[in-house]
Amino acid sequence: MRTEIVAGFATVILAFGAVAAYSLARQQRAVASMRLANEGYLRLAVQLVELRVNQGLFNTQLDQLLDGDPRERVTSRAWMALARRSRRGRLSVAVGLVRDTARTAREPDDRALLRRATESLAGIDATYATDEALFEEMFFALANGNVEAARAIERPILEREDRCEAALRGLMRELQLRIQFLADEAERRQRQSLQLTLLAIAVACVLGAASSVAALRSLRPLARLRDRARAVARGDLSPVQVDARPDEIGELAAEFERMVGAVAARDAALRAAHGRVLQAERLAAIGRMAAHVTHEVRNPLSSMALNAEMLADEVGALGAGAPEAERLVRAIQREIDRLTSITEEYLRVARLPQPRLEREDLGAVASDAVGFVRREMEVAGVRLRVDVDELVPAVMLDESQLRQAMLNLLRNAREAMEAAQVAEPAIVVRVAPRANDLGAAGAAVEVCDAGPGLTDDVLEHLYELFFTTKQRGSGLGLPLTREIVVAHGGVIRADRAEAADGGGARFTLWFPAA
Ligand SMILES: Nc1ncnc2c1ncn2[C@@H]1O[C@H](COP(=O)(O)OP(=O)(O)OP(=O)(O)O)[C@@H](O)[C@H]1O
Ligand SMILES: [Mg+2]
C-alpha cells in the first residue's frame, strides 16, 4: 500500500516535472529568438534602412550630376564626397552588428542569413572601395570640362551603385521576412506552451484525483479498524471476521483480531480462575465450619456410643424378654457408628496433614493397602488381582496417606459394582513405571473395576467436595484422594478401564520418580 501511494504521488510529480522542464526549454528558445530579433535584427535593419535610403539618394544625385545644371555640380560633388565618406563608416557599423548578432544566433537559418549578410556587405564595401578611384577620375574629367569622358566613367559606376542598392534592398527584405518569421514562431511557441501547461494541469488533476481516490480506498479499512478498537475498548471482545487484504492494513487488522482473541482468552481464563478462587474460598469456609461442627459433635457422640453400649448391656441382661428394645438399641448403635465414621472422615479432609515423604516401593505399598481390604472384598464376593511390574522406580510417599487414597478407590469400586449388581465383581490393581504427559519419569498405580464406569455428568464433578450419587455417601473420598496425590506432586486421572480389566471405571494415580 505504501508503494501504491508513493507511486501515485511520484507519477504526478514526474509528469509535472517533465512538462515544466519541456515548457521551460521552449520558453528559453522563444526568449532567445525574441532577443535575436529585438537586439540583433532590428538594429541591423535600422542601419540597413539608412544605408539603402542614402544609397538611393546618392544614386539619384549621381544620375542627375551630368545632365543637370553645371553650376550645381560643385554642391553635388561636395555632398557626394561627404556621403561617400560616411557610408563606409555606416557599412562597417552594419558589419559589426552582423558579427555581434551571429555570436548569439543558434538556429542554422539565422546563421545562414547572417553569413549571406556578411558576404553581401563585404561585396558592397569592395564596390565602394573600387568606386572611390573612379569617382576621382570622373570629377577630374568634369573639372576639365570633359563631360563625355566623365559620362563614360559615370555609367559603369551608376550600374555598380544600383547593384549595391539592390543588394541592400534584398538584404532588407530577407531580414524583414526573418523577423516576421521569428515573431510568428514565438507566438506559436507561446500558444503551444500554454496548451501544454493546460494539458499538464489537466493530467496532474486526473492523476492527483486518481491517486487520492486510491489512497482513500486503501485507508478506508482504517476507519473500520478504529471503530473496532473503540468497541474493544468498550469491552466487546467477540470475534469478528476481518477482510483478507494482502497489505499492511490487512496485516494490522488480522494482528489486531489475534490480539483481541488473546485478550478474550485471557479474560475468560481470569474469570474462570476468579470463579475457582471464590469456590475455593467458599469451600474453605464450609470446611472450617464443618471441622468445627464435627469437632463439637465428636465428644457427645463418643459418650452417646458409650451410653448406648451400656444400654445394650442392660438390655442384654434382661435376657430374651425384650427383643424390641434390643433391636432399637442396635439401630441406635449403628447410626452412632455411621456418624462417628463420617465425623472422622470430615476431620481427615479438613485437617489433612503435610505428607511425610519417604523413599518407598509403590508396588509394596499398594499391595499392602489391597491386603487391608482383602477380607472385606471376599465377603462382598469381589475378585481381586494385583499386578506389579518389577521395574517400578522408587517414589517419595507418605505410606499411610497413600493407603487412605487406595482404600477410597477400592471402596468406591466395590460400592459401584454392588449398586449395579454386577454378576462377577472384580478389581484389578496394577503398578507400573510410567512417564507423565511432559515425559517426566515416575510410577503409576491403577485401580480398575467391572462396574458401570463414570458418566460424563459424574466426571464433571468427580473431585468436588460433597459430590456423591450414593444415598449414604458423603462425597469426601475422591476430594481427599486428590488432595493426597497433589500433595505428593502427583496426578490423578479417571477414565474407562480396558475390557480385560473389567471395562468399568479406572482411576490412575501417578507419582514422580524419587
Ligand atoms: N469406581 C467408581 N465407579 C463408578 N462411580 C464412581 C466410582 N468411584 C466414584 N464414583 C462416583 O463418584 C462419586 C464421588 O465419590 P466419592 O468417593 O468422592 O464419594 P462417595 O463415594 O459418594 O462418598 P464417600 O466416599 O465419602 O463415602 C460417587 O458418589 C460415585 O458416583
Ligand atoms: Mg467413596
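How far apart do the C-alpha centres of domain 2 and domain 3 lie? The C-alpha centres of these two domains are 21 Å apart. The structure is a predicted model, in which local features need pLDDT of at least 70, side-chain atom pairs count only at pLDDT 80 or more, and totals for chains, interfaces and linings use all residues. Residues are numbered from 1 along each chain as its sequence is written, and chains are lettered from A and ligands numbered from 1 in the order in which they are written. The domain assignment of the protein gives domain 1 (2–212), domain 2 (248–332) and domain 3 (356–512); such bounds come from an automatic or database domain assignment.

Helices are DSSP runs (H or I, at least four residues) numbered from the N terminus. Their axes are lines fitted to C-alpha atoms over the stretch in contact, with angles running from 0 to 180 degrees between N-to-C directions. Helix α5 (residues 248–317) and helix α6 (residues 323–350) have axes that come within 8 Å and cross at roughly 155 degrees. The two helices α5 and α6 are therefore roughly antiparallel, a term for angles over 145 degrees. The crossing of α5 past α6 is left-handed, meaning that the near helix is turned anticlockwise from the far one by less than a right angle (clockwise for right-handed). By class, 18 nonpolar, five polar and two charged residues make up the contact of α5 with α6. Here Ala, Val, Leu, Ile, Met, Phe, Trp, Tyr, Cys and Pro count as nonpolar, Asp, Glu, Lys and Arg as charged, and the others, Gly among them, as polar.

Helix α7 (residues 362–380) crosses α8 at roughly 30 degrees, and the axes come within 9 Å. Helices α7 and α8 are therefore roughly parallel, the term for angles under 35 degrees. The crossing of α7 past α8 is right-handed. Residues in contact (C-beta atoms, placed from the backbone, within 7 Å) include F372 and M377 of α7 and L402 and M406 of α8. This contact of α7 with α8 divides into eleven nonpolar, no polar and five charged residues.

Helix α8 (residues 399–419) also packs with helix α10 (residues 477–487), at an angle of about 145 degrees and with the axes 9 Å apart. The contact is formed by Q401, Q404, A405, N408, L409 and N412 of α8 and by G477, L478, L480, T481, I484 and V485 of α10. It holds six nonpolar, six polar and no charged residues. Helix α8 passes α10 in a left-handed crossing.

Both α8 and α10 supply at least two residues each to the shell around ligand 1. The largest share of this shell, four residues, comes from α8. Of the 20 residues around ligand 1, those that come nearest are N412, A416, T468, G473 and G477, where near means a C-beta atom, placed from the backbone, within 6 Å. The shell around ligand 1 comprises nine nonpolar, nine polar and two charged residues.

Notes. Two residues are in contact if their C-beta atoms, placed from the backbone, lie within 7 Å. Angles under 35 degrees count as roughly parallel, over 145 as roughly antiparallel, 65 to 115 as roughly perpendicular and the rest as oblique.
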